[in-house]
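Dear colleague,

I am handing over the structure below, and after it I set out what was found, with the cut-offs given where each term first comes up. Please read the text alongside the coordinates.

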Amino acid sequence: MTIIAPLDSTTAEGGVASRRLARLRAHVAEAGSVTLDELMSAMGRSSIAFAILILSLPALTPIPGPFGLVFGSCLAIISLQIIAGFRRIWLPQFLGRRQVSGGTIELMVRYTAPLVARVETLLRKNRLRRFAGPRAQAFLGLPVLLLAIAVALPIPFGNMLPVAALVMIALGLMERDGLVTILGLGIGVIALGSTGGLVYAAAWGLGSIVGP
């Protein structure tokens, strides 16, 4: 497995996440493809915040395939590790060895980098730190799990709000910005309510078609 070296903070402009996304994009352009394990390494395998970010972003990318299901499942596994109090994360082999093409990574970075950059403009390091530190992270497992399930559901355009919430939570944790983390949780509540409404409407519509 090729390990993508963490990006030196002095080699690029922008926030931490933007720099690492740029580093990942450059690496994949040369390598051609990466595994999910390599993606985790690129974003800092010991950091749950980076893992949440890199596994959320593909769901926003307009590419064919069950990417919401795959990456949502990975997020669900990570959320269970957060609940269990893990400080380092891992993926089962059948997921960790899954290949992601360079074209997919290119599209992901191109479409999501502007969103990441916008959120980074809101960040203030160590603002309300108690709401974004290691202790606070332990309470985020359940919200991340519910949002991961929402991302994995095959609902057209239904994963936009859940992914936006996950991105804000992840970036808030990275910079220890408790206010952005709280805002991410607020968006998450709205996202889960919206997803629940869509699921209910789909179930009601299916029931009316099938009949008693």
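Helix H8 (residues 141-152) packs against helix H9 (residues 160-174) at an angle of about 145 degrees, and their axes lie 9 Å apart. Here the axes are lines fitted to C-alpha atoms, for helices over the stretch in contact, with angles running from 0 to 180 degrees between N-to-C directions, while helices (H or I, at least four residues) and strands (E, at least two) are DSSP runs numbered from the N terminus. The crossing of H8 and H9 is left-handed, a term used when the near helix is turned anticlockwise from the far one by less than a right angle. On the H8 side the residues that meet H9 are Val144, Leu147, Ala150 and Val151, and on the H9 side they are Pro162, Val163, Ala165, Leu166 and Ile169, where contact means heavy atoms within 4.5 Å. Sorted by class, this contact of H8 with H9 has nine nonpolar, no polar and no charged residues, with Ala, Val, Leu, Ile, Met, Phe, Trp, Tyr, Cys and Pro counted as nonpolar, Asp, Glu, Lys and Arg as charged, and the others, Gly among them, as polar.

Before going further, some notes on the basis: this is a predicted model, in which local features need pLDDT of at least 70 and side-chain atom pairs count only at pLDDT 80 or more, whereas totals for chains, interfaces and linings use all residues. Residues are numbered from 1 along each chain as its sequence is written, and side-chain values use heavy atoms, with hydrogens and water left out.

As for the overall fold, the protein has 10 helices and two strands, and along the sequence they follow the pattern α-β-α-α-α-α-β-α-α-α-α-α. Of the 212 residues in the protein, 48% are buried, where buried means under 20% relative accessible area, exposed over 50%, and partly exposed in between (1.4 Å probe, protein chains only). Among contacts between residues at least 6 apart in sequence, 76% join residues at least 24 apart.

The largest nonpolar core has 55 residues, and those with the most contacts inside it are Leu36, Leu39, Leu53, Ile105 and Leu171; such a core is a set of buried Ala, Val, Leu, Ile, Met, Phe, Trp, Tyr and Cys residues joined through side-chain atoms within 4.5 Å. Two or more residues of this core come from each of several elements, including H1, H6, H8 and H10, and H9 gives the most, with 10 residues. Leaving aside neighbours within four places in sequence, leucine 39 is in contact with Leu24, Val34, Ile54, Phe71, Val100 and Ile105.

Valine 116, which lies in helix H6, counts as buried at 0% relative accessibility. With neighbours within four places again left aside, valine 116 is in contact with Ala17, Ser18, Leu21, Leu53, Leu57 and Leu171. Valine 116 and leucine 57 are 59 residues apart in sequence, yet 9.2 Å apart in space, C-alpha to C-alpha.

Turning to charged pairs, the count comes to four salt bridges, each being a side-chain nitrogen of Lys or Arg within 4 Å of a carboxyl oxygen of Asp or Glu. In one of them, arginine 25 pairs with glutamate 106, with the closest N and O atoms 2.5 Å apart. This pair links distant parts of the chain, since arginine 25 is in helix H1 (residues 16-31) and glutamate 106 is in helix H6 (residues 102-120), 81 residues apart. Both partners are partly exposed, arginine 25 at 32% and glutamate 106 at 26% relative accessibility. Glutamate 106 also forms a salt bridge with arginine 110 (4.0 Å, N to O), and these two lie four residues apart in H6, about one turn of the helix.

Glutamate 175 counts as buried at 16% relative accessibility, whereas lysine 125 is exposed at 58%.

Best regards
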